[in-house]
Amino acid sequence: RAVTMSVSHSSRLNKLVREQYMRLPQDGLGTWHDQYERDLFPILLPPLSPSCLTDVPEWNFDGSSTAQAEGSNSDMFLVPVRMFRDPFCLDPNKLVLCEVLKYNRKPAETNLRHTCKKVMDLVRDSHPWFGMEQEYTLLGINGHPYGWPDNGFPGPQGPYYCGVGADKVYGRDIVESHYKACLYAGVKICGTNAEVMPSQWEFQVGPCEGIEMGDHLWMARFILHRVCEDFGVVATLDPKPMTGNWNGAGCHTNYSTEEMRREGGLKHIEAAIEKLSKRETSNIFEFSAGVANRGASIRIPRQVGQDGYGYFEDRRPAANCDPYAVTEAIMRTTVLNETGVETKDYADH
């Protein structure tokens, strides 16, 4: 009698799809940005490949189809802000990140890039660097974590973090294809690893300066969803995709200014943390900070504590955060010295 061998879900992924990404050159039309992931769509460009943003025309789309405008006044503007190589259609095609403006050319309510850009322009002399750690979970189209038993759960957490082996990690082909696609596109991706919960992964983008951080993370997210589509799975940024004793998903944000990165910068790091402590908490009850403390609101890496300069990690942002909102809030508090719950409008200054 024939015996069916039990193999992992990952072994059944389409290897030809993976090979398509593995062949991408490792050097590093368009999409528009909105808060909602469903609002990342392609735009057609003229036949000639654009070499810079000025070659890309403004476009428009039907805002009533995305619940952003009334049907009687539905056209919304797409303003190109950053361009990447297209890892799906390949050169000379491009992916173009765009801001969404309403009919009156004011930013759409979900366009958080607009105010972030104003703040980053104000603080450019501090040269803020960011690195964001994007956690996500792979799901089947039925919403169940990819590779988990159909009618049960995998073994307890412990062996999965940075794991290796068919019984420890699920979907590595997808992860590596996403990484290669980001490298080809020119996204500043710098690492990836299996996370604590099985089927949960993380990639890191950075260091990026100023508004570049949000641009590159949003494009990395778009590419992730597009790669997952090819493999027939879904990536979710849900901060708590599985109830119970399973890890949630975050988007830890590493941050420094030029003075923090210089010798003696630890005092500037501590001053920034003090400002954050008066405005934002790790949960609704308390704020905490510490060297090498991953249970705190803010972690100062052990090496930074020893060297006396470097950066710190804000561990509060959730996986589904808008990076524009996160980086803007950090700059408003630590460099522009805003206090209280209100944010200052710099539009008239």
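Which residue in β7 is the bridge partner of Q134? In this predicted model, the partner of Q134 is F203, and this pair belongs to an antiparallel arrangement in which strand β5 (residues 129-139) and strand β7 (residues 200-209) are joined over eight bridges. β5 also pairs in the antiparallel sense with strand β9 (residues 251-256), over six bridges, where F130 stands opposite Y255. With strand β8 (residues 234-236), β5 forms three bridges, again antiparallel, and here L139 has V234 as its bridge partner. Because 10 of the 11 residues of β5 are buried, the strand is largely enclosed by the rest of the structure.

The packing of side chains can be followed from here. The largest nonpolar core has 72 residues, and those that touch the most other members are Y136, L138, V187, I223 and F312. Helix α4 (residues 212-231) gives the most to this core, with 11 residues, while domain 1 (9-110) and domain 2 (121-335) each supply at least three. Leaving aside residues up to four places away in sequence, L138 touches a set that includes Y146, Y170, I174, W201, C228 and V234.

Helix α6 (residues 266-277) has 12 residues and reaches 16 Å from its first C-alpha to its last, close to the 16 Å expected at 1.5 Å a residue. Its buried residues include L266, I269, A272, I273 and L276; these cover an arc of only 120° around the axis, which means that they lie on the same side of α6.

Technical notes: Residues are numbered from 1 along each chain as its sequence is written. This is a predicted model: local features need pLDDT of at least 70, side-chain atom pairs count only at pLDDT 80 or more; totals for chains, interfaces and linings use all residues. Side-chain values use heavy atoms; hydrogens and water are left out. Helices (H or I, at least four residues) and strands (E, at least two) are DSSP runs, numbered from the N terminus. The expected span of a helix is 1.5 Å times one less than its number of residues. Buried means under 20% relative accessible area, exposed over 50%, partly exposed in between (1.4 Å probe, protein chains only). The arc is that of the directions from the helix axis to the C-beta atoms. A nonpolar core is a set of buried Ala, Val, Leu, Ile, Met, Phe, Trp, Tyr and Cys residues joined through side-chain atoms within 4.5 Å. Domain bounds come from an automatic or database domain assignment. Contact means heavy atoms within 4.5 Å. Two strands pair if DSSP finds at least two bridges between them.
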